[in-house]
Amino acid sequence: MYSNSDLEYMNTALAEAKKSLFISNPNPRVGCVLVKDEQIIGRGFTQAVGGDHAEIMALKDAVQKGHEVSGSSAYVTLEPCCHHGRTPPCSDSLIKAKVKTVFVAMQDPNPLVAGKGLELLRQAGIEVRCGLLEKEAKELNLGFIKRMSQGLPWVRLKIATSLDGKTALNNGTSQWITGTDARLDGHHWRAQACCILTGIGTVKEDNPQLNARGINTTRQPLRVLIDSFLEVPLDAKILDQNIGGHTIVICGNVDPVHFEKTKKILSDNNVTVLQLPETSPASKGKVDLPAVFKYLAEKLHINEVHVEAGFKLNGSLIRESCVDELLIFMAPRLIGEGLGIANLPELQSLDKTIDWTLVDHTSIGNDLRLRLYKTFLEDKPV
């Protein structure tokens, strides 16, 4: 169905899409190459919000290099948009450029597009072929796909652990279980996320900055703190606006006087405070975790949430079925007594286990990085 050259060009488009990994949120990561006479004449990837999409970048690139784009073939990792948002429709630009064929890796899950862009191209007499390296394209945009299809972000839970599954000593010490290379790789995953989420226990114990460091990025992810009773120390690093990005503190049912007083102090320092309490009488005023992710997707257009939390919050997120992916960095060392990966209830039968699917394992320095999905990617609705 597709030639080796088609595969090569679409792989090149995917490589372009990866260049937008840190900048395109909340837009999808998209790459495009234009090919004519078996030569790539233009390349492009989606810019930051409000900037050009991949197709426009590729068309501009080709023209700037002196190439005639009419009669060329476009290889695009996501269906060209057909609606007016912050930028004009890319499908219109491809039609105006008189491209001959458009190869698309995957259909856009955005209801505003959802096949309409492909149909516009066909109506203009352009040959359209969709599905080339679709799985690889989906992998780049797991969060965008889930937000568009389910109204929720893709939640990735990052864990640094020993061989015997310990994330900290019993006294709370956890720095550092893994090596320098693994920690730098962890910052790569931070940088590509729309937001980094943690709990008040981690802030009290480790006082992390929760920004992306050692990575060439112009955008810092949003920081989200789950703090049920609004106990965050006012000098916590996560509240420091000088490290880039913005911080949201989400609490549950808090004493009204304490809430208003703390909210005023934090708001004066450009920190947002939001109440999302559980409604169950047995909740004890804690945060409604599923409601947090719905809020992040619907109100803030968050595609990917990167979680770096502790034993208790990890367990709560897993029990509430909020986690899509485990990102585990395993160090080749034994700790013995200590805190585990997540606070989960004791089971009496192995048929009650929470099963995951291993999708990748990679050596990072002297450590092992494992990626696991709750379900197979192809089983997720798109």
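# Reading the Labels in This Model

Q: What makes the meeting of the Lys 146 and Asp 324 side chains a salt bridge?
A: In this predicted model, a nitrogen and an oxygen of these two side chains are 2.8 Å apart. A salt bridge needs a Lys or Arg nitrogen within 4 Å of a carboxyl oxygen of Asp or Glu. The value of 2.8 Å meets that limit, so the pair is a salt bridge.

Q: How do you know whether Lys 146 is buried or exposed?
A: Compare its relative accessible area with the cut-off. Lys 146 has 9%, and buried means under 20%. Lys 146 is therefore buried.

Q: How many salt bridges does the structure hold?
A: There are 16. One of them joins Glu 16 and Lys 19, at 2.9 Å from N to O. Another joins Lys 65 and Asp 61, whose closest N and O atoms are 3.1 Å apart. Both distances are within 4 Å, so both pairs qualify. There is also a network of salt bridges that links Arg 29, Lys 135, Glu 139, Arg 156, Glu 304, Glu 325 and Arg 371.

Q: Why is Lys 19 called partly exposed?
A: Lys 19 has 47% relative accessibility. Buried is under 20% and exposed is over 50%. The value of 47% lies in between, so Lys 19 is partly exposed.

Q: Why is the pair of Tyr 9 and Tyr 75 called tilted?
A: Start with the distance: the ring centres are 5.2 Å apart. Rings pair if their centres lie within 6.5 Å, so these two count as a pair. Now take the angle: it is 55° between the planes. Stacked needs under 30 degrees and edge-to-face needs over 60, so 55° is tilted.

Q: What parts does this tyrosine pair tie together, and where do they lie?
A: Tyr 9 belongs to helix α1 (residues 4-18) and Tyr 75 to strand β3 (residues 73-76). The parts are 66 residues apart in sequence, so the pair links them across that gap. Tyr 9 has 10% relative accessibility and counts as buried. Tyr 75 has 3% and counts as buried too. Both tyrosines also belong to an aromatic cluster with Tyr 2 and Phe 103.

Q: What makes Lys 374 count as lying over the face of Trp 356?
A: Lys 374 is 5.9 Å from the ring centre. The distance limit is 6 Å, so 5.9 Å passes that part of the test.

Q: Which residues have the most contacts inside the largest nonpolar core?
A: They are Met 10, Leu 34, Val 69, Ala 74, Tyr 75, Leu 94 and Val 102. The core has 42 residues. Helix α1 gives the most to this core, with five residues. In soluble globular proteins, nonpolar side chains tend to be buried together.

Q: How do you know whether Ser 91 is buried or exposed?
A: Its relative accessible area is 0%. That is under 20%, so Ser 91 is buried. Ser 91 lies in helix α3 (residues 90-96). Its contacts, beyond residues up to four places away in sequence, include Pro 80, Cys 81 and Leu 121.

Q: What joins Asn 25 and Pro 26?
A: A cis peptide bond does, with omega at about 5°. Asn 25 is in the loop between α1 and β1. At 10% relative accessible area, Asn 25 is buried. The side chain of Asn 25 also reaches the backbone oxygen of Gln 192, at 3.1 Å.

Q: Why is Glu 38 called exposed?
A: Glu 38 has 67% relative accessibility. Exposed means over 50%, so Glu 38 qualifies. Glu 38 also has a positive phi, near 65°, in a residue other than glycine. Its place is the loop between β1 and β2 (39-45).

Technical notes:
Residues numbered from 1 in each chain as written. Predicted model: local features only at pLDDT ≥ 70, side-chain atom pairs only at ≥ 80, totals over all residues. Heavy atoms only, no water. Phe/Tyr/Trp six-rings, centres within 6.5 Å; stacked < 30°, edge-to-face > 60°. Helix = DSSP H or I, 4+ residues; strand = E, 2+ residues; numbered from the N terminus. Buried < 20%, exposed > 50% of the residue type's maximum accessible area, 1.4 Å probe, protein only. Lys NZ or Arg CZ within 6 Å of the ring centre and 35° of its normal. Core = buried A, V, L, I, M, F, W, Y, C linked by side-chain atoms within 4.5 Å. Contact = heavy atoms within 4.5 Å. Polar contact = N/O pair within 3.5 Å; in protein donor to acceptor, adjacent residues only side chain to side chain.
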